[in-house]
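Hi everyone, thanks for making time today. I'd like to walk you through a structure that may be new to you, so please have a look at it while I talk.

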Amino acid sequence: LAVVDETLRQAGMTLGDLDAMAISAGPGSFTSLRIGLATLKGLAFGRALPVVGVSTLETMALGALEGGSALAADAEVLALLDARRGEWYAGAWRGAQGDDRVPRPTLIEGLYAPSRLALDLTRSVVAVSPETSGWREIFEGAGLRFSASVTGREARPRADWVGRLATRRLARGEGQSASSLSARYLRRAEAEARRTGSAVEEGETERLESGERV
């Protein structure tokens, strides 16, 4: 909240000057997503502002595609976040076409084992991951091919890219009320996964070693 206050102060604005709010809605840490969502709702309630929840993975892909990484115009970017237990949150996009400038999905977001990603992505892709060591060898050992990679700090889902992506989605009419916004955990809590027999939330994609569920 102190950062929000300082950012508004530097811009010469107050919360009352805002037209909308945006948040990275996941996937990611359960606790971090809850804190972010609660903060946004606390700021948005009572102001009737539209809010936009954007994908953390899509935000990473947009940053790589447009953030000066010198990728080829037709590059396909695979965004990867370590979900632990040998599993990864993953999704792939190509650069935007048309006036809305929203990246085009080429691989549905989901919880993947490296071997499943290698089956789904038989072409060479650009990898984007904040992880800095060990991960590339895991995927290449599973059969995935990388034409380039963006790693570390440069790959992190920055707030300014969340804002840019949300602005484009807002222009497409994808704003919603703060009360209807929910985090996209994607993975279920361990106890819930055991109870349901599925590692992911209802409606999400699970492509792990044991098989595929959509």
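Predicted model: local features only at pLDDT ≥ 70, side-chain atom pairs only at ≥ 80, totals over all residues.

Let's begin with the open spaces. Rolling a probe the size of a water molecule over the atoms shows where empty space is left. The largest pocket here has a volume of about 1400 Å³. Its lining is made up of 41 residues, and those nearest the centre are Ala 22, Ile 23, Ser 24, Ala 159 and Val 162.

Now for the second largest pocket, which holds about 230 Å³ of space. Here 17 residues form the lining, with Ala 25, Gly 53, Val 54, Ser 55 and Arg 184 nearest the centre. Two or more lining residues come from each of E1, strand E2 (51-55) and strand E5 (104-112). E2 gives the largest share, four residues. By class, this lining has six nonpolar, six polar and five charged residues.

The largest nonpolar core has 20 residues, and the ones with the most contacts inside it are Leu 57, Met 60, Val 77, Tyr 89, Leu 111 and Val 128. Helix H3 (56-66), E3, strand E4 (87-94) and strand E6 (125-129) each give two or more residues to this core. There is also a second, separate core of 16 residues, which includes Leu 78, Ala 90, Tyr 112 and Ala 127.

Let me pick out Met 60. Beyond its neighbours within four places in sequence, Met 60 is in contact with residues including Leu 80, Val 128, Pro 130 and Arg 156.

That brings us to H3. How many of the eleven residues of H3 are buried? Nine are, so the helix is largely enclosed by the rest of the structure. The buried stretch includes Thr 56, Glu 58, Met 60 and Ala 64. Both ends are worth a look. At the start of H3, a side-chain oxygen of Ser 55 comes to within 3.1 Å of the backbone nitrogen of Leu 57. Just after H3, Gly 68 has a positive phi of about 90°.

Terms used
Residues numbered from 1 in each chain as written. Heavy atoms only, no water. 1 Å grid on protein atoms, 1.4 Å probe; cavity = no way out; pocket = protein on both sides within 12 Å on 5 of 7 lines; lining within 4 Å. Points joined across faces, edges and corners; volume = space filled by probe spheres on them. Nonpolar A, V, L, I, M, F, W, Y, C, P; charged D, E, K, R; others polar. Core = buried A, V, L, I, M, F, W, Y, C linked by side-chain atoms within 4.5 Å. Buried < 20%, exposed > 50% of the residue type's maximum accessible area, 1.4 Å probe, protein only. Contact = heavy atoms within 4.5 Å. Polar contact = N/O pair within 3.5 Å; in protein donor to acceptor, adjacent residues only side chain to side chain.
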